[in-house]
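Here is a briefing on one protein model.

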Amino acid sequence: MNENYSLLNINQVAKDIIKYSEHKVLLFHGEMGAGKTTLIKEICKELGSDDSISSPTFSIVNEYITLKNDTIYHFDFYRINSVEEAYNIGIEDYFFSGHWNLIEWPENISNLLPPNSTKIEMNKNQNGTRTLNIVF
């Protein structure tokens, strides 16, 4: 699925991703500034979280709770130094928890990712819009 969007219709993109994702592990690929965290904020909002959503660049993982008491895990593996560091935070427990896992910079732990994941490639266009290529 390919989709172009702007901030004006980001909520519909978030709804579509949630609706069509067969698995709750979403992999966000894109350069710095592509809008990964912004889209993740909208997905969390659509899932029912009113928590303050921010990139977990230094903590590696943030946990958000929805109004229905469901859990969302938001990862940022940009600064991860080793696969062992991912194992030390209990990555397998998160991935197989049955909760939503929203992962920025998944390529840095590619050999640890569950096979049943939704891949989201993001590109920033010159006019400020974004293009998504989503593989469900």
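Helices (H or I, at least four residues) and strands (E, at least two) are DSSP runs, numbered from the N terminus. The model is predicted: local features need pLDDT of at least 70, side-chain atom pairs count only at pLDDT 80 or more, and totals for chains, interfaces and linings use all residues. Residues are numbered from 1 along each chain as its sequence is written, and side-chain values use heavy atoms, with hydrogens and water left out.

**Largest pocket**

- A pocket is an open set of points on a 1 Å grid over the protein atoms alone, where a 1.4 Å probe fits, with protein on both sides within 12 Å along at least five of seven lines.
- Grid points are joined across faces, edges and corners, and a volume is the space filled by probe spheres set on the points.
- The largest pocket holds about 290 Å³ of space.
- Its lining counts 21 residues, where a lining residue has an atom within 4 Å of a point.
- Nearest the centre of the largest pocket lie Gly 33, Ala 34, Gly 35, Lys 36 and Thr 37.
- Helix H2 (residues 36-47) supplies the largest share of this lining, three residues.
- Classes are set as follows: Ala, Val, Leu, Ile, Met, Phe, Trp, Tyr, Cys and Pro are nonpolar, Asp, Glu, Lys and Arg are charged, and the others, Gly among them, are polar.
- On that basis the lining has eight polar, seven nonpolar and six charged residues.

- Gly 35 sits in the loop between S2 and H2.
- Is Gly 35 buried or exposed? Its relative accessible area is 14%, so Gly 35 is buried; buried means under 20%, exposed over 50%, partly exposed in between (1.4 Å probe, protein chains only).
- Leaving aside neighbours within four places in sequence, Gly 35 is in contact (heavy atoms within 4.5 Å) with Met 122 and Arg 130.
- Gly 35 and Gln 12 are 23 residues apart along the chain, and 15 Å separates their C-alpha atoms.

**Nonpolar cores**

- In soluble globular proteins, nonpolar side chains tend to be buried together.
- A nonpolar core is a set of buried Ala, Val, Leu, Ile, Met, Phe, Trp, Tyr and Cys residues joined through side-chain atoms within 4.5 Å.
- The largest such core has 22 residues, and Ile 17, Phe 28, Leu 39, Ile 43, Leu 102 and Leu 132 have the most contacts inside it.
- Two or more residues each come from helix H1 (10-20), strand S2 (25-29), H2, strand S5 (100-104), strand S6 (118-124) and strand S7 (130-135).
- H1 gives the most to this core, five residues.
- Another core lies apart from it, with 17 residues, among them Phe 75, Phe 77, Ile 103 and Leu 113.
- Beyond four places in sequence, Leu 39 contacts Tyr 5, Ile 10, Val 13, Ala 14, Ile 17, Phe 28, Met 122 and Leu 132.

**Helix H1**

- Which residues of H1 are buried? They are Ile 10, Val 13, Ala 14, Asp 16, Ile 17 and Ile 18.
- Their cover includes strand S1 (2-5), S2, H2, S5, S6 and S7.

**Strand S6**

- Thr 118 lies in strand S6.
- Thr 118 is buried because its relative accessibility is 0%.
- Not counting residues up to four places away in sequence, Thr 118 touches Ser 21, His 23, Val 25, Leu 26, Leu 27, Ile 134, Val 135 and Phe 136.
- A salt bridge is a side-chain nitrogen of Lys or Arg within 4 Å of a carboxyl oxygen of Asp or Glu, and the count by this rule is one.
- Glu 121 pairs with Lys 119 in a salt bridge, with the closest N and O atoms 3.2 Å apart.
- Glu 121 is partly exposed at 29% relative accessible area, and Lys 119 is partly exposed at 33%.

**Thr 71**

- Thr 71 belongs to strand S4 (residues 71-76) and is buried at 11% relative accessible area.
- Outside four places in sequence, Thr 71 touches Glu 63, Tyr 64, Ile 65, His 99 and Trp 100.
- Thr 71 and Cys 44 are 27 residues apart in sequence and 10.0 Å apart in space, C-alpha to C-alpha.

**Positive phi in loops**

- Ile 60, a residue other than glycine, has a positive phi near 75°.
- Ile 60 is in the loop between H2 and strand S3 (61-65) and is buried at 7% relative accessible area.
- Trp 105, also other than glycine, has a positive phi near 60°.
- Trp 105 is in the loop between S5 and S6 and counts as buried at 12% relative accessibility.
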